[in-house]
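Please look at the sequence and the model before reading on.

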Amino acid sequence: MNRTVVHDTFVLERRYGASPRRVFGAWSNQAAKEQWWGPDEQVEAFEHAMDFRIGGRETINAKLVEPAATVSFEALYQDIVDGERIVYSYEMAMNGRRISVSVATVEFLSDPAGTLLILTEQGAYLDGLDTRAQREQGTAQLLAQLTTYLEKETS
């Protein structure tokens, strides 16, 4: 096997018609987060544990239908500024094999429409098993699910 590592960064910005406190709450409350981050029709089994505090951990284990695979997300909260910022490091694994290690920063800024969310991720993508483009696409999908969740909660 050819062992490689590719370092890359991406930044995503989204505007939400909800207050920074409310958007932050969607990230910091386990039940709320499961509403937009949780399983869908492509997930056969889903386990989630979250200890939202500096030094706390979050784990997600999912069994995907198509492609048939198990995926795990294991994060450590490095910095939290209530209502303003979350910094966490995490690793992703597929079928028990680590595919990437990343540091993500999520900022919640006041905006005339509600909240400007800025997510910056710096990743180390391992052995050709993951890429910045794949991670950016997956993260963009999660942020779209967050939009749907916030819109549903305010209507």
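## The nonpolar core

A nonpolar core is a set of buried Ala, Val, Leu, Ile, Met, Phe, Trp, Tyr and Cys residues joined through side-chain atoms within 4.5 Å. Buried here means under 20% relative accessible area. The model is predicted.

The largest nonpolar core has 34 residues, and the members touching the most others are Val 23, Trp 27, Tyr 88, Leu 117 and Leu 146. Two or more residues of this core come from each of the helices H1 (20-28), H2 (30-37) and H3 (132-154). The strands S1 (5-16), S4 (69-81), S5 (85-94), S6 (97-111) and S7 (114-126) also give two or more each. In soluble globular proteins, nonpolar side chains tend to be buried together.

## Contacts of Leu 117

Which residues does Leu 117 touch, leaving out those up to four places away in sequence? Among them are Val 23, Trp 27 and Leu 146, which are also listed with Leu 117 among the core members that touch the most others. Leu 117 also touches Leu 12, Val 106, Phe 108 and Leu 143, as well as Glu 13, Arg 14, Tyr 16 and Glu 107.

## Fold and overall form

The chain has three helices and seven strands. Their order from the N terminus is β-α-α-β-β-β-β-β-β-α. Among contacts with a separation of 6 or more, 49% join residues 24 or more positions apart.

The chain's radius of gyration is 15 Å, which agrees with the value near 15 Å for a compact globule of 155 residues. Of these 155 residues, 41% count as buried.

## Surface and charge

The accessible surface is about 8,400 Å², and carbon and sulfur atoms hold 49% of that surface. The chain carries 15 positive and 23 negative charges, whose mean positions are 3 Å apart.

Key
Residues numbered from 1 in each chain as written. Predicted model: local features only at pLDDT ≥ 70, side-chain atom pairs only at ≥ 80, totals over all residues. Heavy atoms only, no water. Helix = DSSP H or I, 4+ residues; strand = E, 2+ residues; numbered from the N terminus. Rg over C-alpha atoms; globule rule 2.2 N^0.38 Å. Buried < 20%, exposed > 50% of the residue type's maximum accessible area, 1.4 Å probe, protein only. Contact = heavy atoms within 4.5 Å. Areas by Shrake-Rupley, 256 points an atom, 1.4 Å probe, with all protein chains shown as cover. Lys, Arg positive; Asp, Glu negative; His and termini not counted. Charge placed at Lys NZ, Arg CZ, Asp CG, Glu CD.
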